[in-house]
Amino acid sequence: MEINHKNLDFPILYYLSEEHSINKTELSNKLLLTKTDIEKQVEQLSQLGYHLSIDAKKGYRIVKRPDILLPFEIKKKLTTSYIGQTIYYFPELSSTNTMANQMAGEMSGKMPEGTIIIAEKQSGGKGRSGKKWISPPGGIWSSIIFYPLDISTHISLFTLMAAAAVARTIDKLFPQIRVHIKWPNDILTGGRKICGILTEMSTEKKNVKWVIVGIGINVNNDSSCLPEEIRENSLSLKEITGHPINRINLISHLCSEIERFYEAFKNKDYSLIIEEWKTYNNVIGKKIKVNLGEKIIIGEAIGIDEKGALILKTDTAEIIEIISGIILP
Ligand code: BTN
């Protein structure tokens, strides 16, 4: 397979900032690149929408950044050890989950754990239950790869883990937004969806080869561009806060939260994930209707177990464990 992502890694971004200028000689010494290479990168960055001030003596300074998710910009902000430390960035993809799967297969397990595939837009974004996920520019469309050793009963926890990490990140960065998690993985505010999560795994002879957690967050995209049937039920962070959001900041915080939860997962401290998830959930204690595909059941949601299953108590006091289903309105 030829990996069709453009090489959009710009090492000079490590040293360029809004606060300080840096000249060509310093850049070429630090990066061991020729001055011509530096000029080339500056030219390409301008084409991508970076506004740089250029002073003959002081050198380059960033005046304005475009809203794009270049890996070097994200890596500069990251405080993680492995989540997001390898990023494959694509201006456009069919689906980041599909690409992550394809690349994991091609690299036969050699893609480091925590690698993220990011696309500015997706033409065939995948949602749960075979639905399409509309992914215009401005959102965060990303997939993370994991190689869990012990997964047998805990695959659903990946979805809960990602949902709790997204909810916690939004809560930290935008405390004015009240976020809720609708079991298992929808992040809502005021009943409208701001994020969806799609977990997929690859198995071989009952062994899990890798798990891909796809996270789609409506950030700077407008819900007015969405098809009518989902427009009413979706919202973006920009629409809620009334201003454009720094997506680089958001994604780097999200990586930290995911790493915190995944460390707990690896240490079998599943309760940390469950408790965080419960903080944001809006189903426990409520009477709900769940579509299981083959039937619909009604009952009170009384909890989540260690596997991430929803526990329902029916009117006849029967206790049911639901691993996968859709909560109906
Ligand atoms: C849902 O139906 O709620 C799940 C939506 C998941 C969307 C994300 S966007 C990034 C990743 N790539 C995909 O194709 N889907 C997931």
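1. Helix H5 has 19 residues and spans 28 Å from first C-alpha to last, close to the 27 Å expected at 1.5 Å a residue. Helices here are DSSP runs of H or I, at least four residues, numbered from the N terminus. The expected span is 1.5 Å times one less than the number of residues.

2. This is a predicted model: local features need pLDDT of at least 70, side-chain atom pairs count only at pLDDT 80 or more, and totals for chains, interfaces and linings use all residues. Residues are numbered from 1 along each chain as its sequence is written, and side-chain values use heavy atoms, without hydrogens or water.

3. H5 is mostly covered, with 14 of its 19 residues buried (under 20% relative accessible area, 1.4 Å probe, protein chains only).

4. The largest nonpolar core holds 84 residues. Such a core joins buried Ala, Val, Leu, Ile, Met, Phe, Trp, Tyr and Cys residues through side-chain atoms within 4.5 Å. H5 (residues 155–173) gives the largest share of this core, eleven residues. A second, separate core has 14 residues, including Tyr88 and Met103.

5. Phe146, Ile215 and Leu237 have the most contacts inside the largest core. Beyond four places in sequence, the contacts of Ile215 include Trp141, Ala162, Val166 and Leu254 (heavy atoms within 4.5 Å).

6. Now the ligand. Of the 19 residues around the ligand, Ser95, Thr96, Lys126, Arg128 and Lys193 come nearest (a heavy atom within 4 Å counts as near). For Gln122, a polar side-chain atom sits 3.0 Å from a ligand nitrogen atom.

Methods: Buried < 20%, exposed > 50% of the residue type's maximum accessible area, 1.4 Å probe, protein only. Helix = DSSP H or I, 4+ residues; strand = E, 2+ residues; numbered from the N terminus. Polar contact = N/O pair within 3.5 Å; in protein donor to acceptor, adjacent residues only side chain to side chain.
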